[in-house]
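Please have the viewer open as you read.

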Amino acid sequence: MEARMKSVANPDVITAIQHLHKAIHAGGVDPLVLELVHLRASQINGCSPCVFAGVQSAKKHGETDERLHNVVTWRETPFFTEEERAALALTEAATRIQDGAPGVTDEIWDAAATHFDENQMSAIILNIAITNFFNRINHTIREQAGKAW
């Protein structure tokens, strides 16, 4: 499979994305939680460049191979905190919005809200959204893992 184009982003889009990332990281969420959120949404969407980049970035923040290999099965492993589990559940529910999916239920929302304040919830939600944004662009242009990252 070949990439269809080099990039879809013009300088104004790049600037906007940089501002979004700044807002996400100013939200007070542990950077490793943000990395897990990014990785899980990208796994769900089958976005190889974002999974590739997410693993590399998480490792730079000190994440272990053991946990990275188990993000996809986070419910069945003992490797994640309750806070991380709440963020991962929110990520899955917000990412899987296809026809008939329940989306973010009150139970999922309440679990996340017990671990994160409003600023942190905003940062996590924005991180989920921007990850889904990149996942869709990468699928459309057939971006390849490791090529542009």
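## Helices α2 and α3

In the contact of α2 with α3, residues L32, E35, H38, L39, S42 and Q43 of α2 meet C50, V51, G54, V55, S57 and A58 of α3; contact here means heavy atoms within 4.5 Å. By class, this contact has 6 nonpolar, 5 polar and 1 charged residues. For the classes, Ala, Val, Leu, Ile, Met, Phe, Trp, Tyr, Cys and Pro count as nonpolar, Asp, Glu, Lys and Arg as charged, and the others, Gly among them, as polar.

This is a predicted model, in which local features need pLDDT of at least 70 and side-chain atom pairs count only at pLDDT 80 or more, while totals for chains, interfaces and linings use all residues. Residues are numbered from 1 along each chain as its sequence is written, and side-chain values use heavy atoms, with hydrogens and water left out.

Helix α2 covers residues 31-44 and helix α3 residues 48-60, and they pack at an angle of about 160 degrees with their axes 9 Å apart. Helices (H or I, at least four residues) and strands (E, at least two) are DSSP runs, numbered from the N terminus. Axes are lines fitted to C-alpha atoms, for helices over the stretch in contact, and angles run from 0 to 180 degrees between N-to-C directions. α2 and α3 are therefore roughly antiparallel to each other, since angles over 145 degrees count as roughly antiparallel, under 35 as roughly parallel, 65 to 115 as roughly perpendicular and the rest as oblique. The crossing of α2 and α3 is left-handed: the near helix is turned anticlockwise from the far one by less than a right angle, whereas clockwise would be right-handed.

## The loop residue C47

C47 sits in the loop between α2 and α3. C47 is buried, with a relative accessible area of 1%; buried means under 20%, exposed over 50% and partly exposed in between (1.4 Å probe, protein chains only). Not counting residues up to four places away in sequence, C47 touches S42, N135, N138 and H139. The C-alpha atoms of C47 and N135 are 5.5 Å apart, although 88 residues separate them along the chain.

## Helix α7 and its partners

Helix α7 (residues 118-141) packs with α2 at an angle of about 35 degrees, with axes 9 Å apart, and the crossing is right-handed. Here L34, V37, H38, A41 and S42 of α2 meet A123, I124, N127, I128, T131, N132 and N135 of α7. These residues divide into 6 nonpolar, 6 polar and no charged.

Helix α5 (residues 82-95) packs with α7 at about 45 degrees, with axes 10 Å apart, which makes α5 oblique to α7. L90, T91, A94 and T95 of α5 contact M121, I124, I128, N132 and R136 of α7.

## Two residues of α7

I124, in α7, is buried at 0% relative accessibility. Leaving aside neighbours within four places in sequence, I124 is in contact with V29, L34, V37, L90 and F116. Q120 also lies in helix α7 and is buried, with a relative accessible area of 16%. Beyond four places in sequence, Q120 touches G27, G28, V29 and H115.

UniProt, in an unreviewed entry, places the feature "domain: Carboxymuconolactone decarboxylase-like" at residues 11-92. Such annotations may be inferred rather than shown by experiment. In the model, that span is 72% helix and 0% strand, and its end C-alpha atoms lie 31 Å apart.
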